[in-house]
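The following exercises are to be worked with the sequence and the 3D structure at hand. Each task is followed by a solution in steps.

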Amino acid sequence: GHSPWADDAADCLDRGSALWDAHKSDPWARLYFAPDPPGAVSRETLERLRRMVDQLDAPVAMRVHDHAGQLRTFEAEHAQRPLPWLASLGFHAFVLAHRFPCASFGSQAPVDDAIEAMRQIRARAAEFGVDPRGIGVCGLSSGGHLAACLVRQRVGADSRPDFLIVGYAPISTNATGRTVIPDKPALPPPEKQALYEAMQPDAQLIDNPPPVFIVYAANDAVVPVQNAYRLHRAWIDKGGKAELHVFADAPHGFALREKTLPVGKWPELCAAWLKAGQASGV
(Lines give C-alpha, C1' and ligand atoms only; values in the text may rest on other atoms or scores of the structure.)
Protein backbone atom coordinates (compact mmCIF):
# COMPACT_ATOMS: atom_id res chain seq x y z
CA GLY A 1 0.00 0.00 0.00
CA HIS A 2 0.92 3.65 -0.32
CA SER A 3 2.99 4.88 2.59
CA PRO A 4 2.09 8.23 4.17
CA TRP A 5 5.79 9.08 3.87
CA ALA A 6 6.28 7.91 0.29
CA ASP A 7 5.95 11.41 -1.14
CA ASP A 8 8.81 12.55 1.09
CA ALA A 9 11.17 9.68 0.27
CA ALA A 10 13.18 11.47 -2.41
CA ASP A 11 13.51 14.61 -0.31
CA CYS A 12 14.56 12.56 2.72
CA LEU A 13 17.23 10.82 0.68
CA ASP A 14 18.50 14.15 -0.61
CA ARG A 15 18.81 15.49 2.94
CA GLY A 16 20.25 12.21 4.12
CA SER A 17 22.89 12.22 1.41
CA ALA A 18 23.96 15.74 2.35
CA LEU A 19 24.14 14.87 6.03
CA TRP A 20 26.01 11.68 5.31
CA ASP A 21 28.63 13.58 3.34
CA ALA A 22 29.43 15.48 6.53
CA HIS A 23 30.10 12.32 8.55
CA LYS A 24 30.99 9.50 6.15
CA SER A 25 34.71 9.66 6.96
CA ASP A 26 34.12 9.37 10.69
CA PRO A 27 35.52 5.93 11.62
CA TRP A 28 33.20 5.74 14.63
CA ALA A 29 29.97 6.08 12.66
CA ARG A 30 28.13 3.04 11.34
CA LEU A 31 24.72 2.33 9.91
CA TYR A 32 21.93 0.04 10.94
CA PHE A 33 19.01 -0.05 8.52
CA ALA A 34 15.84 -1.77 9.67
CA PRO A 35 15.38 -4.89 7.50
CA ASP A 36 12.42 -5.19 5.19
CA PRO A 37 11.49 -7.92 2.68
CA PRO A 38 13.65 -7.76 -0.45
CA GLY A 39 11.86 -6.09 -3.32
CA ALA A 40 10.02 -3.60 -1.12
CA VAL A 41 12.48 -0.87 -2.04
CA SER A 42 12.84 0.61 -5.50
CA ARG A 43 16.02 -0.10 -7.43
CA GLU A 44 16.88 3.60 -7.66
CA THR A 45 16.48 4.13 -3.92
CA LEU A 46 18.51 1.04 -3.09
CA GLU A 47 21.33 2.16 -5.36
CA ARG A 48 21.41 5.59 -3.75
CA LEU A 49 21.57 4.04 -0.32
CA ARG A 50 24.27 1.60 -1.39
CA ARG A 51 26.37 4.49 -2.73
CA MET A 52 26.09 6.18 0.65
CA VAL A 53 27.10 2.97 2.42
CA ASP A 54 30.01 2.36 0.05
CA GLN A 55 31.51 5.70 1.12
CA LEU A 56 31.66 4.64 4.77
CA ASP A 57 35.16 4.18 6.15
CA ALA A 58 34.04 1.54 8.68
CA PRO A 59 32.02 -1.69 8.65
CA VAL A 60 28.28 -1.49 8.09
CA ALA A 61 26.10 -3.00 10.78
CA MET A 62 23.37 -4.41 8.54
CA ARG A 63 22.62 -4.72 4.86
CA VAL A 64 20.14 -2.26 3.38
CA HIS A 65 16.67 -3.67 2.77
CA ASP A 66 14.36 -0.76 3.47
CA HIS A 67 10.98 0.17 2.14
CA ALA A 68 11.45 3.42 0.23
CA GLY A 69 8.33 4.98 1.65
CA GLN A 70 9.18 4.17 5.24
CA LEU A 71 12.74 5.41 5.29
CA ARG A 72 13.52 8.86 6.59
CA THR A 73 17.24 8.58 6.09
CA PHE A 74 19.12 10.31 8.91
CA GLU A 75 16.25 12.57 9.75
CA ALA A 76 17.94 15.87 10.52
CA GLU A 77 19.03 16.80 14.03
CA HIS A 78 17.58 13.94 16.03
CA ALA A 79 19.64 11.27 14.28
CA GLN A 80 22.69 13.09 12.99
CA ARG A 81 23.68 15.80 15.43
CA PRO A 82 24.71 13.43 18.26
CA LEU A 83 27.12 11.52 16.00
CA PRO A 84 30.20 13.77 16.22
CA TRP A 85 29.57 14.30 19.93
CA LEU A 86 29.34 10.57 20.65
CA ALA A 87 32.42 9.95 18.51
CA SER A 88 34.34 12.56 20.48
CA LEU A 89 33.56 10.57 23.62
CA GLY A 90 34.97 7.40 22.06
CA PHE A 91 31.73 5.67 21.12
CA HIS A 92 30.98 3.67 18.00
CA ALA A 93 27.68 5.19 16.87
CA PHE A 94 25.04 3.12 15.10
CA VAL A 95 22.15 5.04 13.53
CA LEU A 96 18.85 3.17 13.33
CA ALA A 97 16.70 4.00 10.31
CA HIS A 98 13.51 2.26 11.37
CA ARG A 99 10.10 1.69 9.86
CA PHE A 100 7.29 4.01 10.92
CA PRO A 101 3.93 2.88 12.30
CA CYS A 102 1.43 2.65 9.46
CA ALA A 103 -1.14 0.29 7.98
CA SER A 104 1.54 -1.57 6.01
CA PHE A 105 3.72 -2.45 9.00
CA GLY A 106 1.47 -2.09 12.03
CA SER A 107 1.86 -0.01 15.15
CA GLN A 108 4.91 -1.65 16.73
CA ALA A 109 7.25 -1.76 13.73
CA PRO A 110 9.73 0.82 15.11
CA VAL A 111 9.98 -1.02 18.43
CA ASP A 112 10.50 -4.34 16.66
CA ASP A 113 13.27 -2.76 14.57
CA ALA A 114 14.98 -1.28 17.63
CA ILE A 115 14.83 -4.60 19.46
CA GLU A 116 16.35 -6.40 16.49
CA ALA A 117 19.03 -3.74 16.08
CA MET A 118 20.11 -4.13 19.70
CA ARG A 119 20.11 -7.91 19.39
CA GLN A 120 22.24 -7.79 16.24
CA ILE A 121 24.73 -5.28 17.63
CA ARG A 122 25.24 -7.26 20.83
CA ALA A 123 25.42 -10.61 19.02
CA ARG A 124 27.99 -9.22 16.56
CA ALA A 125 29.91 -7.12 19.08
CA ALA A 126 33.22 -8.85 18.34
CA GLU A 127 32.77 -8.22 14.63
CA PHE A 128 32.03 -4.54 15.25
CA GLY A 129 34.73 -4.14 17.87
CA VAL A 130 32.42 -3.03 20.67
CA ASP A 131 31.95 -4.19 24.26
CA PRO A 132 28.70 -6.23 24.47
CA ARG A 133 28.39 -5.16 28.13
CA GLY A 134 28.53 -1.44 27.37
CA ILE A 135 25.97 -0.84 24.63
CA GLY A 136 23.88 2.26 25.21
CA VAL A 137 21.02 4.00 23.45
CA CYS A 138 20.66 7.74 22.81
CA GLY A 139 17.17 8.80 21.81
CA LEU A 140 15.70 12.27 21.36
CA SER A 141 12.01 13.16 20.98
CA SER A 142 10.15 10.14 19.56
CA GLY A 143 13.52 8.39 19.45
CA GLY A 144 13.68 8.80 23.22
CA HIS A 145 10.34 7.06 23.58
CA LEU A 146 11.68 4.29 21.36
CA ALA A 147 14.84 4.03 23.48
CA ALA A 148 12.82 3.76 26.68
CA CYS A 149 10.71 1.03 25.10
CA LEU A 150 13.81 -1.17 25.16
CA VAL A 151 13.69 -1.42 28.96
CA ARG A 152 10.06 -2.44 29.18
CA GLN A 153 8.97 -5.77 30.50
CA ARG A 154 8.82 -8.47 27.81
CA VAL A 155 11.95 -7.20 26.06
CA GLY A 156 14.67 -9.84 26.19
CA ALA A 157 17.93 -9.15 27.99
CA ASP A 158 19.91 -9.41 24.73
CA SER A 159 18.01 -6.41 23.36
CA ARG A 160 18.18 -4.17 26.42
CA PRO A 161 20.72 -1.33 26.53
CA ASP A 162 23.28 -1.07 29.31
CA PHE A 163 22.57 2.64 29.70
CA LEU A 164 20.29 5.22 28.12
CA ILE A 165 20.27 8.91 27.18
CA VAL A 166 16.70 10.15 26.78
CA GLY A 167 15.83 13.68 25.66
CA TYR A 168 12.45 15.46 25.42
CA ALA A 169 10.61 12.22 24.67
CA PRO A 170 6.81 11.67 24.75
CA ILE A 171 6.97 8.84 27.26
CA SER A 172 3.29 8.53 28.11
CA THR A 173 1.44 11.82 27.64
CA ASN A 174 0.10 10.71 24.25
CA ALA A 175 -1.76 7.78 25.81
CA THR A 176 -5.48 7.96 26.52
CA GLY A 177 -6.15 8.90 30.12
CA ARG A 178 -2.58 10.15 30.65
CA THR A 179 -2.54 13.31 28.55
CA VAL A 180 -1.85 16.68 30.16
CA ILE A 181 -3.15 18.79 27.27
CA PRO A 182 -6.97 19.19 27.47
CA ASP A 183 -8.89 17.53 24.64
CA LYS A 184 -5.74 16.32 22.98
CA PRO A 185 -6.64 14.69 19.64
CA ALA A 186 -5.37 11.29 18.62
CA LEU A 187 -2.17 11.25 16.58
CA PRO A 188 -2.34 10.35 12.89
CA PRO A 189 -2.08 7.79 11.46
CA PRO A 190 -4.07 5.48 13.78
CA GLU A 191 -1.10 3.12 14.08
CA LYS A 192 1.00 5.90 15.59
CA GLN A 193 -1.57 6.54 18.30
CA ALA A 194 -1.82 2.79 18.86
CA LEU A 195 1.95 2.68 19.43
CA TYR A 196 1.73 5.23 22.23
CA GLU A 197 -1.28 3.50 23.74
CA ALA A 198 0.52 0.16 23.90
CA MET A 199 4.00 1.43 24.77
CA GLN A 200 4.13 3.47 27.99
CA PRO A 201 7.65 2.84 29.29
CA ASP A 202 7.17 4.52 32.67
CA ALA A 203 4.32 2.14 33.46
CA GLN A 204 6.03 -0.94 31.98
CA LEU A 205 9.59 -0.53 33.23
CA ILE A 206 11.62 -3.55 34.28
CA ASP A 207 12.96 -3.93 37.81
CA ASN A 208 16.48 -2.57 38.36
CA PRO A 209 16.66 -0.77 35.01
CA PRO A 210 20.07 0.34 33.65
CA PRO A 211 21.30 3.89 34.35
CA VAL A 212 19.63 6.69 32.44
CA PHE A 213 20.42 10.33 31.71
CA ILE A 214 17.23 12.35 31.18
CA VAL A 215 17.14 15.88 29.71
CA TYR A 216 14.07 18.04 29.03
CA ALA A 217 12.93 21.66 28.80
CA ALA A 218 10.33 22.88 31.28
CA ASN A 219 8.64 25.06 28.66
CA ASP A 220 8.61 22.53 25.81
CA ALA A 221 5.47 23.36 23.83
CA VAL A 222 5.45 20.01 22.02
CA VAL A 223 6.35 17.39 24.64
CA PRO A 224 5.15 18.22 28.18
CA VAL A 225 7.85 18.13 30.84
CA GLN A 226 5.65 15.80 32.89
CA ASN A 227 7.14 13.03 30.76
CA ALA A 228 10.52 13.69 32.37
CA TYR A 229 9.13 13.53 35.88
CA ARG A 230 7.16 10.36 35.14
CA LEU A 231 10.18 8.60 33.69
CA HIS A 232 12.46 9.69 36.51
CA ARG A 233 9.97 8.62 39.19
CA ALA A 234 9.45 5.24 37.54
CA TRP A 235 13.21 4.66 37.32
CA ILE A 236 13.72 5.42 41.01
CA ASP A 237 10.71 3.36 42.07
CA LYS A 238 12.07 0.38 40.13
CA GLY A 239 15.47 0.61 41.78
CA GLY A 240 17.41 2.23 38.97
CA LYS A 241 19.79 5.19 38.83
CA ALA A 242 18.50 8.24 36.98
CA GLU A 243 20.18 11.57 36.28
CA LEU A 244 17.51 14.21 35.57
CA HIS A 245 18.12 17.67 34.09
CA VAL A 246 15.20 20.01 33.37
CA PHE A 247 16.17 23.34 31.82
CA ALA A 248 13.84 26.30 32.21
CA ASP A 249 13.95 27.51 28.63
CA ALA A 250 14.59 25.62 25.41
CA PRO A 251 12.70 24.87 22.21
CA HIS A 252 11.55 21.37 21.44
CA GLY A 253 14.19 19.55 19.46
CA PHE A 254 17.08 21.46 20.99
CA ALA A 255 19.43 18.48 20.46
CA LEU A 256 22.96 19.91 20.26
CA ARG A 257 21.96 23.09 18.44
CA GLU A 258 21.62 25.56 21.29
CA LYS A 259 24.90 27.36 22.03
CA THR A 260 23.73 30.40 24.00
CA LEU A 261 21.02 29.06 26.30
CA PRO A 262 21.95 27.08 29.44
CA VAL A 263 20.48 23.96 27.84
CA GLY A 264 23.51 24.01 25.54
CA LYS A 265 25.52 22.61 28.45
CA TRP A 266 23.62 19.34 28.60
CA PRO A 267 26.10 17.41 26.42
CA GLU A 268 28.89 18.39 28.82
CA LEU A 269 26.81 17.27 31.80
CA CYS A 270 26.02 14.00 30.06
CA ALA A 271 29.67 13.44 29.15
CA ALA A 272 30.65 14.00 32.78
CA TRP A 273 27.97 11.50 33.84
CA LEU A 274 29.34 8.95 31.40
CA LYS A 275 32.98 9.52 32.31
CA ALA A 276 32.19 9.30 36.03
CA GLY A 277 31.08 5.73 35.44
CA GLN A 278 27.40 6.38 36.10
CA ALA A 279 26.57 4.36 32.99
CA SER A 280 27.48 0.70 33.32
CA GLY A 281 30.15 -0.58 30.97
CA VAL A 282 31.53 2.88 30.19
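**Exercise 1.** Is N208 buried or exposed?

Solution. The model is predicted, so local features need pLDDT of at least 70 and side-chain atom pairs count only at pLDDT 80 or more, while totals for chains, interfaces and linings use all residues. Residues are numbered from 1 along each chain as its sequence is written, and side-chain values use heavy atoms, with hydrogens and water left out.
- Step 1: the classes are buried (under 20% relative accessible area), exposed (over 50%) and partly exposed in between, with a 1.4 Å probe and protein chains only.
- Step 2: N208 has a relative accessible area of 58% and is therefore exposed.
- Step 3: N208 sits in the loop between helix 8 and strand 5 (212-217); helices (H or I, at least four residues) and strands (E, at least two) are DSSP runs, numbered from the N terminus.
- Step 4: the phi angle of N208, a residue other than glycine, is positive, near 50°.

**Exercise 2.** Determine the setting and the phi angle of A255.

Solution. 
- Step 1: A255 belongs to the loop between strand 6 (242-247) and helix 10 (266-275).
- Step 2: its phi is near 45°, a positive value in a residue other than glycine.
- Step 3: because its relative accessible area is 2%, A255 is buried.

**Exercise 3.** How many disulfides does the structure hold?

Solution. 
- Step 1: a disulfide is a pair of cysteine sulfur atoms within 2.5 Å.
- Step 2: the structure holds zero disulfides.
- Step 3: C270 is in none, the nearest cysteine sulfur being that of C138, 7.1 Å away.
- Step 4: C270 counts as buried because its relative accessibility is 0%; C149, with a relative accessible area of 1%, is buried.

**Exercise 4.** Where is P189 placed?

Solution. 
- Step 1: P189 is in the loop between strand 4 (163-167) and helix 8 (190-198).
- Step 2: the peptide bond from P188 to P189 is cis, with omega near -10°.
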